[in-house]
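Work through the exercises below with the coordinates open. Each task is followed by its solution in steps.

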Amino acid sequence: MFSSIPKREPAWATAPASADCDFRHPVSGPAAEWLIGVLLRGFGAEGVQVTGRLRQGGERTGHFLAKDASGSWVAHVKPHSVEGDLDLAAEIADWLDLGEIPVAHYRRMEDGGADHSDDDLFVTVTRYHPARHCAYTIDDAKAVGGGLAKLHLRLAEYPSAEAVRRRASDFARDLAQTRKTVVEKGAPDVPERWRGAVENAARNHVPEDAFEGAAQCGHGDLSPGNIIFGATGQAVFCDFEDSAFCYQPRSFDLAMAIRSEEHTSELQSH
């Protein structure tokens, strides 16, 4: 579990106390009023309430729990967005949801877009699932494996796969060009204390992926922070922004999960 995920009260009686997703922190008046205004304008909600936030604080950014007549939703407020990716990411989440894959799918704005900008902040809204984060048990591992297998089978039939493949190709090309520029010209725009590390990473980066198997659409960011578990133990997949340009063999998602867990353990050990 990422160190950025705070410890909270259990989402239900039998959930591990240190690994839930409860929105129990109060939201300050100005932040709540601003978010309600954004939701009313961007998503056409009526009678919307902001009932809590994931982390304590008074700022407008973060994850908030919002409710209206249609149910409960998680509003994610952040200072930037991946331009042009969110709509495709929302389509992928919708495709999985239609295939009965448990996902936190995106709620569309009134104009059909997946996010709304206001005062230089971006808001996305996804369905709320009462859930917990990974407890690192054998049962959780089985739930992730079984859920991921179904997710990949469904994504293998995604009708807009070519759009994802093109985005992935453009991203890889841009990354390779950036690496070449850093290796040949250095990184003058990077602060001096980090420049050596950036240049060394660029020289040692291998742009060609070496994953076995046929490429297809994938999740793209399969970290412990993007998988939650319902009361029945099933894995629910979240955050599909990287799915918009993830066209890799299925082993890529497994490698991402392993790498994320190793990085998390390293952070916690320090």
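**Exercise 1.** Identify which residues of α4 and α5 meet, then classify the contact and the packing geometry of the two helices.

Solution. The model is predicted.
- Step 1: on the α4 side the contact residues are Arg179, Val182 and Val183, and on the α5 side they are Val198, Glu199, Ala202 and Arg203.
- Step 2: sorted by class, this contact has four nonpolar, no polar and three charged residues.
- Step 3: the axes of α4 and α5 (residues 192-204) lie 9 Å apart, and the packing angle is about 120°.
- Step 4: angles from 65 to 115 degrees count as roughly perpendicular and those over 145 as roughly antiparallel; α4 and α5 are therefore oblique to each other.
- Step 5: the crossing of α4 past α5 is left-handed.

**Exercise 2.** Repeat the analysis for α2 and α3, starting from the residues that meet.

Solution.
- Step 1: α2 contributes Ile92, Trp95, Leu96 and Leu98, which meet Leu151, Arg154 and Leu155 of α3.
- Step 2: the class count for this contact is six nonpolar, no polar and one charged.
- Step 3: the two axes come within 10 Å and cross at roughly 110°.
- Step 4: the range for roughly perpendicular is 65 to 115 degrees, so α2 and α3 are roughly perpendicular to each other.
- Step 5: α2 passes α3 in a right-handed crossing.

**Exercise 3.** Which residues touch the most other members of the largest nonpolar core, and which elements give two or more residues to this core?

Solution.
- Step 1: the core holds 30 residues, and those touching the most other members are Leu96, Leu151, Phe237 and Phe240.
- Step 2: two or more residues come from each of α2 (86-98), α3 (138-155), α4 (161-185), β7 (227-229) and β8 (235-237).
- Step 3: α2 gives the most, eight residues.
- Step 4: leaving out residues up to four places away in sequence, Leu151 touches Leu96, Ile101, Phe237 and Phe240.
- Step 5: there is also a second, separate core of 20 residues, including Val27, Phe43, Val50 and Trp73.

**Exercise 4.** Summarise the chain as a whole: how many helices and strands does the chain have, what percentage of its residues count as buried, and what share of the contacts with a separation of 6 or more joins residues 24 or more positions apart?

Solution.
- Step 1: the chain has six helices and nine strands.
- Step 2: of its 270 residues, 42% count as buried.
- Step 3: among contacts with a separation of 6 or more, 68% are between residues 24 or more positions apart.

Note on methods. Residues are numbered from 1 along each chain as its sequence is written. This is a predicted model: local features need pLDDT of at least 70, side-chain atom pairs count only at pLDDT 80 or more; totals for chains, interfaces and linings use all residues. Side-chain values use heavy atoms; hydrogens and water are left out. A nonpolar core is a set of buried Ala, Val, Leu, Ile, Met, Phe, Trp, Tyr and Cys residues joined through side-chain atoms within 4.5 Å. Buried means under 20% relative accessible area, exposed over 50%, partly exposed in between (1.4 Å probe, protein chains only). Helices (H or I, at least four residues) and strands (E, at least two) are DSSP runs, numbered from the N terminus. Contact means heavy atoms within 4.5 Å. Axes are lines fitted to C-alpha atoms, for helices over the stretch in contact, and angles run from 0 to 180 degrees between N-to-C directions. Angles under 35 degrees count as roughly parallel, over 145 as roughly antiparallel, 65 to 115 as roughly perpendicular and the rest as oblique. A crossing is left-handed if the near helix is turned anticlockwise from the far one by less than a right angle, and right-handed if clockwise. Ala, Val, Leu, Ile, Met, Phe, Trp, Tyr, Cys and Pro count as nonpolar, Asp, Glu, Lys and Arg as charged, and the others, Gly among them, as polar.
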